[in-house]
Amino acid sequence: MTDYNRDLMRLQLPLFLAHKLKEISPQYGKTVLMKMAYLLQEVYEVPLGYRFSLYTYGPYSSEVLADLDRSRYRGWVNVEYIEDEVGFQITLGQNAATLSELKDSFKSYEAEVEEVVENFGRFRAKELELRTTISYVWSKLGGPEEQKGNQVIESVSQLKPHFKKGEIQTALEELMEMGVVSLARK
C-alpha cells in the first residue's frame, strides 16, 4: 500500500465509520473512533499506520484525533460535544462523500471493516474501552495461550479498577469466542 493510499484511508476513516455506524452505534464519538481504529489495525491488520499505546481509556493514538480534525475541517464529519452523554458525537458533515464514493479506499479491507462493525458497532465507548484494553494486554503478554486468560484478567483489573473481574472475564470470553484475542498481534 502506498503512503498516499494509507493517508487517504486514515483521512476517510472517521467519515467511513460515520456511514457504517449511523444506524448501529449508540455512541459514535472520539473514543469509539479510537477503539475502532485500534481494532481495525491491530486485530484485523488494516494497515493504517497508527502508533498505539495504552492510555487512560485504553489503546490511544493522537494520530487518530489528528485525522479526525482533518476530516472535520474538510466538512466530511461534524464533531459535537453532547453534554447529556458527556462526550462527543461524530456525524456526517455537509461535504460528506457517499459510502459508494469512499469504498475505493477501503475496497481491499471491506470484509475486515464489516466484521469490526458487526462485532463491535453496538458497543458504547466504555464497553469498547474494556475490550480493546483486553486485546492490547493480551497482545503484550508472552507465554502459552492457556495461561494468558488469568494474567489478562489480573492485569486489566489493575489497570482498570472500575471494571469488576467478572466483567473482564465475560468480555475476555466473548473476545475469545469471536477469535479476536487470538488475532491480536504479538
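Helices here are DSSP runs of H or I with at least four residues, strands are runs of E with at least two, and both are numbered from the N terminus. The model is a predicted one, so to speak of local features takes pLDDT of at least 70 and side-chain atom pairs count only at pLDDT 80 or more, while totals for chains, interfaces and linings use all residues. Residues are numbered from 1 along each chain as its sequence is written, and side-chain values use heavy atoms, with hydrogens and water left out.

**Stop 1: helix α6**

Select Thr133, which lies in helix α6. Is Thr133 buried or exposed? Its relative accessible area is 0%, so Thr133 is buried (buried means under 20% relative accessible area, exposed over 50%, partly exposed in between, using a 1.4 Å probe and protein chains only). Show contacts, meaning heavy atoms within 4.5 Å. Beyond its neighbours within four places in sequence, Thr133 is in contact with Leu54, Gly58, Pro59, Val156 and Lys160. Now look for a polar contact: a pair of N or O atoms within 3.5 Å, where within protein one must be able to donate a hydrogen and the other to accept it, and residues adjacent in sequence count only if both atoms are side-chain atoms. A polar atom of the Thr133 side chain sits 2.7 Å from the backbone oxygen of Glu129.

Next, pick Ser139, in helix α6 (residues 125-140). Ser139 is buried, at 8% relative accessible area. Which backbone oxygen lies 2.7 Å from a polar atom of its side chain? The one belonging to Tyr136.

**Stop 2**

Go to Phe123, in the loop between α5 (110-120) and α6. Phe123 is buried, with a relative accessible area of 5%. Setting aside residues up to four places away in sequence, Phe123 touches Ser25, Pro26, Leu128, Arg131 and Glu174. Draw a C-alpha to C-alpha line from Phe123 to Pro26: the two are 97 residues apart in sequence and 7.0 Å apart in space.

**Stop 3: the core**

A nonpolar core is a set of buried Ala, Val, Leu, Ile, Met, Phe, Trp, Tyr and Cys residues joined through side-chain atoms within 4.5 Å. The largest one here has 54 residues, of which Leu13, Phe120 and Ile134 touch the most other members. Helix α2 (residues 30-43) gives this core its largest share, nine residues. Centre on Leu13 and you'll find it touching Tyr28, Leu33, Ala37, Leu40, Leu48, Tyr50 and Phe106, not counting residues up to four places away in sequence.

Then try Leu68, in helix α3 (residues 62-73). Leu68 is buried, with a relative accessible area of 1%. With residues up to four places away in sequence left out, Leu68 touches Pro14, Lys30, Leu33, Val77, Val79 and Ile90.

**Stop 4**

Select Glu45, in the loop between α2 and β1 (53-55). Glu45 isn't a glycine, yet it has a positive phi of about 60°. Most residues other than glycine have a negative phi.

**Last stop: a pocket**

On a 1 Å grid over the protein atoms alone, a pocket is an open set of points where a 1.4 Å probe fits, with protein on both sides within 12 Å along at least five of seven lines; lining residues have an atom within 4 Å of a point. Find the second largest pocket by selecting Ser25, Gln27, Tyr28, Gln89 and Ile90, which lie nearest its centre among 15 lining residues. β4 gives the most to this lining, with six residues.
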